[in-house]
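Take a walk through the chain shown here.

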Amino acid sequence: YRLSAASGDTTNVARLSAARAFNKIVAFEIVPGAAVTFDDESTNSGSGTVLTSGDITTTSAISVALAGYASYGSDLISVRTINSVANENNRAADNSTGATATLSCVWENVFSSTFTGDADATLAGSTAWIVNLISFK
């Protein structure tokens, strides 16, 4: 994550290793009305049809939480939630709920109270996966 990016046209550089199983970058630009800081993060991996990040605990009444997953399979993803709240407005980068799975997906929600909870989703078939959840306040 990059907290100091200016809004509008910005160039970011990422160096990815060819040895990595997943090489994909998704960028969100969120323009808050005040300074933003890191709050909490959790990463989990496993295999099966139910993906879960593990719990985070937010510390601010207003926070944004972003979740992302990658998998080795090509199964469609559905029922994306953060803290048991469905993906807000069904927005997702690389939305894998369409006709073709993309092996990765990122979704977000904005919360108006603190919470302890995880990100989870359901895959159509069983495969190895990794899920990350991060929050900013």
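Ile82 has Ala119 of β9 as its bridge partner. Strands here are DSSP E runs of at least two residues; helices are H or I runs of at least four, and both are numbered from the N terminus. This is a predicted model, where local features need pLDDT of at least 70, side-chain atom pairs count only at pLDDT 80 or more, and totals for chains, interfaces and linings use all residues. Residues are numbered from 1 along each chain as its sequence is written, and side-chain values use heavy atoms, with hydrogens and water left out.

Stay with β4. Four bridges join β4 to β9, and the two run antiparallel. Strands count as paired if DSSP finds at least two bridges between them. β4 also pairs with β5, again in the antiparallel sense, over two bridges. There Ile82 stands opposite Val85.

Now look at the turn. β4 and β5 form a hairpin with two residues between them. Asn83 in this turn has a positive phi of about 55°. Ser84 lies in the loop between β4 and β5 (85-86), and its phi is near 65°, also positive. Ser84 is exposed, with a relative accessible area of 66%. Exposed means over 50% relative accessible area, buried under 20%, and partly exposed in between (1.4 Å probe, protein chains only). Back in strand β4 sits Val79. Its phi is near 50°, a positive value in a residue other than glycine. Val79 is exposed as well, at 58% relative accessible area. Most residues other than glycine have a negative phi.

What lies inside? The largest nonpolar core has 17 residues. Such a core is a set of buried Ala, Val, Leu, Ile, Met, Phe, Trp, Tyr and Cys residues joined through side-chain atoms within 4.5 Å. Leu51, Tyr69, Ile77, Ile82, Trp107 and Leu133 touch the most other members. β3 (63-71), β4 (77-82), β7 (104-111) and β9 (119-136) each supply at least two residues of this core. β9 gives the largest share, six residues.

Next, the aromatic rings. The structure holds one aromatic pair. Phe111 and Phe115 form this pair, which is tilted, with 4.5 Å centre to centre and 45° between the planes. Rings of Phe, Tyr and Trp (its six-membered ring) pair if their centres lie within 6.5 Å; planes under 30 degrees apart count as stacked, over 60 as edge-to-face and the rest as tilted. Both Phe111 and Phe115 are buried.

Step back to the whole chain. It has nine strands and zero helices. Of its 137 residues, 34% count as buried. Contacts are heavy atoms within 4.5 Å. Among contacts with a separation of 6 or more, 75% join residues 24 or more positions apart.

How far can the model be read? pLDDT is the predictor's confidence in each residue, from 0 to 100. The chain has a mean pLDDT of 80, and 77% of its residues reach 70 or more. Confidence is highest in strand β2 (residues 56-57), at a mean of 98, and lowest in strand β6 (residues 92-93), at 54. Over residues 95-99, pLDDT stays under 50; the model has 15 contacts beyond four places in sequence for them. Where pLDDT is low, the predicted coordinates should not be read in detail.
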